[in-house]
Amino acid sequence: MKCRICKGKAEIYLPQYNLALCREHYIEFFLRRVKKAVKDFKMFSREDRILVAVSGGKDSLSLWDALHSLGYNTAGFFLDLGINGHSARSRERVEKFAEERGLPLKIEELERVFGMTLPEITKRLREPACKLCGRLKRYYMEQAAKDYDVIATGHNMDDEVAFLMGNVFNWKEEYLAHQSPVLPAEHGFSRKVKPLIYLSERETAAYAFMRGIDYYDERCPLSRGATSIFYKNIMRQMELGMMGIRFRFLKGFYSIQDRFKSEDRETPSPCKVCGYPTTAGGLCSVCRMKIRLGLLPEDLLEDSSGKG
Ligand code: SF4
Ligand code: ZN
Ligand code: ZN
């Protein structure tokens with residue numbers, strides 16, 4: 001197969017676009033898709049300081065690489081969760097990536113900032129690791145983003161479609177109203193963007209490979225039967241018979257999403273201990289977690305009510 005642009009040897013075929021490309025032109029294609037998402041959703045400008053949430057995996061490192069290649073002002077943020085072996089190996093890849101490109105990297109250790117590692121927290125609270133992990137990552141990411149204009153995450157099209165399917169099948173209206181490639185800075189939260197929204201998991205993996213990104217590819221030992229994998233497999237099956245269905249599903253959703261928005265959404269207020277925005281009634285979910293683990297005094301709960 002030949003590259004449609006230069007007629008050199010093609011390295012990838014993109015069925016959705018009936019397009020075969022060589023390495024050089026595939027990298028150009030990928031960067032154009034990132035640029036288009038940034039422009040279509042007005043994610044950020046050249047002047048903005050972007051904090052990229054990195055895990056060491058292909059998506060977040062490809063995102064960082066692409067934004068840096070496009071000339072944006074970026075720094076990375078990595079939260080070391082203290083997951084035996086897994087976190088250290090992920091961290092090594094992130095550090096190597098940043099060092100090779102001379103890019104600034106902020107690293108925070110959960111054990112230092114929270115007082116415990118994720119495996120310890122999960123064991124003590126007996127709750128699903130991913131639920132706790134998601135809350136902690138969002139919390140420490142916000143803290144790290146104080147000197148930045150925007151937080152960028154490496155969610156790709158497959159991630160977004162899987163999330164959307166989960167929200168539709170369970171009719172989670174509140175999530176449907178706010179699932180977006182751009183969340184504005186409001187109520188004390190930073191602006192958040194997903195510039196890989198127009199690129200599939202396969203396309204992102206191909207970019208990482210062609211750019212020679214040394215990413216970490218092992219599954220997190222704490223992940224248990226994530227439903228997102230199930231949804232992704234269904235969508236891939238559908239894509240085989242209905243080319244482009246993932247993209248149409250997602251784009252179609254964004255065009256009608258306003259119908260799910262309602263005025264009576266609760267406005268967050270600052271947590272009385274740490275100041276993090278919360279709708280959980282006085283104390284944010286991370287401070288509540290600390291109380292349950294004996295890392296903060298229990299009497300803080302006394303005049304707080306709410307969901308936790
Ligand atoms: Fe956290 Fe779950 Fe991802 Fe592991 S799989 S890093 S526990 S969200
Ligand atoms: Zn070419
Ligand atoms: Zn708090």
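**Entry 1: the layout**

Into which domains is the protein divided? I found domain 1 at 30–265 and domain 2 at 267–308; these bounds come from an automatic or database domain assignment. I am looking at a predicted model, where local features need pLDDT of at least 70 and side-chain atom pairs count only at pLDDT 80 or more, while totals for chains, interfaces and linings use all residues. Residues are numbered from 1 along each chain as its sequence is written, chains are lettered from A and ligands numbered from 1 in the order in which they are written, and side-chain values use heavy atoms, with hydrogens and water left out.

I looked up the centres of the two domains, taken over C-alpha atoms, and they are 26 Å apart. I also checked the contacts (heavy atoms within 4.5 Å). There, 19 residues of domain 1 meet 14 residues of domain 2.

**Entry 2: the zinc ion called ligand 2**

Which atoms hold this zinc ion (ligand 2)? I got Cys3 (SG), Cys6 (SG), Cys22 (SG) and His25 (ND1), at 2.1 to 2.3 Å from the ion. Donors are N, O and S atoms within 2.8 Å of the metal (3.2 Å for Na, K and Ca), and water is not among the atoms, so sites may look incomplete. Along the sequence, I read the spacing of these donor residues as C-x2-C-x15-C-x2-H.

Next I checked the angles, which run from 96 to 116° among the four donor atoms, and the site is tetrahedral. For that label, four donors need all angles between 85 and 135 degrees. I noted the ideal too: 109.5 degrees for four tetrahedral donors.

Are Cys22 and His25 buried or exposed? Buried means under 20% relative accessible area, exposed over 50%, and partly exposed in between (1.4 Å probe, protein chains only). Cys22 comes out at 9% relative accessibility, so I put it down as buried. His25 has a relative accessible area of 9%, so it goes down as buried as well.

Where do Cys271 and Cys284 sit? I found Cys271 in the loop between strand 9 (269–270) and strand 10 (277–278), and Cys284 in the loop between strand 10 and helix 12 (285–292), so the pair ties together parts that are 13 residues apart in sequence. Helices (H or I, at least four residues) and strands (E, at least two) are DSSP runs, numbered from the N terminus. Both Cys271 and Cys284 are buried.

**Entry 3: helix 12 and what follows**

How many residues of helix 12 are buried? I got seven of its eight, so I'd call this helix mostly covered. Among them are Cys287, Arg288 and Lys290. The buried residues pack against helix 4 (110–113), helix 5 (118–125) and helix 6. Gly294 follows helix 12, and its phi is positive, near 75°.

Leu301 lies in the segment after helix 12. I make it partly exposed because its relative accessibility is 33%. Leaving out residues up to four places away in sequence, Leu301 touches Leu283, Arg288 and Ile291.

**Entry 4: ligand 1**

What surrounds ligand 1? I listed Leu81, Leu118, Cys130, Cys133, Lys137, Cys220, Leu222 and Ser223; a residue is near a molecule or strand if one of its heavy atoms lies within 4 Å of it. Helix 6 (residues 129–144) gives the most to this shell, with three residues. I sorted the shell into six nonpolar, one polar and one charged. Here Ala, Val, Leu, Ile, Met, Phe, Trp, Tyr, Cys and Pro count as nonpolar, Asp, Glu, Lys and Arg as charged, and the others, Gly among them, as polar.

**Entry 5: some loop residues**

I looked at Lys42, in the loop between helix 1 (23–40) and strand 3 (49–53). Its phi is near 45°, a positive value in a residue other than glycine. Lys42 is exposed because its relative accessibility is 65%.

Trp171, in the loop between helix 7 (157–169) and helix 8 (173–178), also has a positive phi, near 45°. I noted Trp171 as exposed because its relative accessible area is 60%.

Tyr72 is buried, since its relative accessible area is 10%.

Conventions:
Four donors count as tetrahedral if all angles lie between 85 and 135 degrees; four count as square planar and six as octahedral if opposite donors are over 155 degrees apart and all others between 65 and 115; anything else is irregular.
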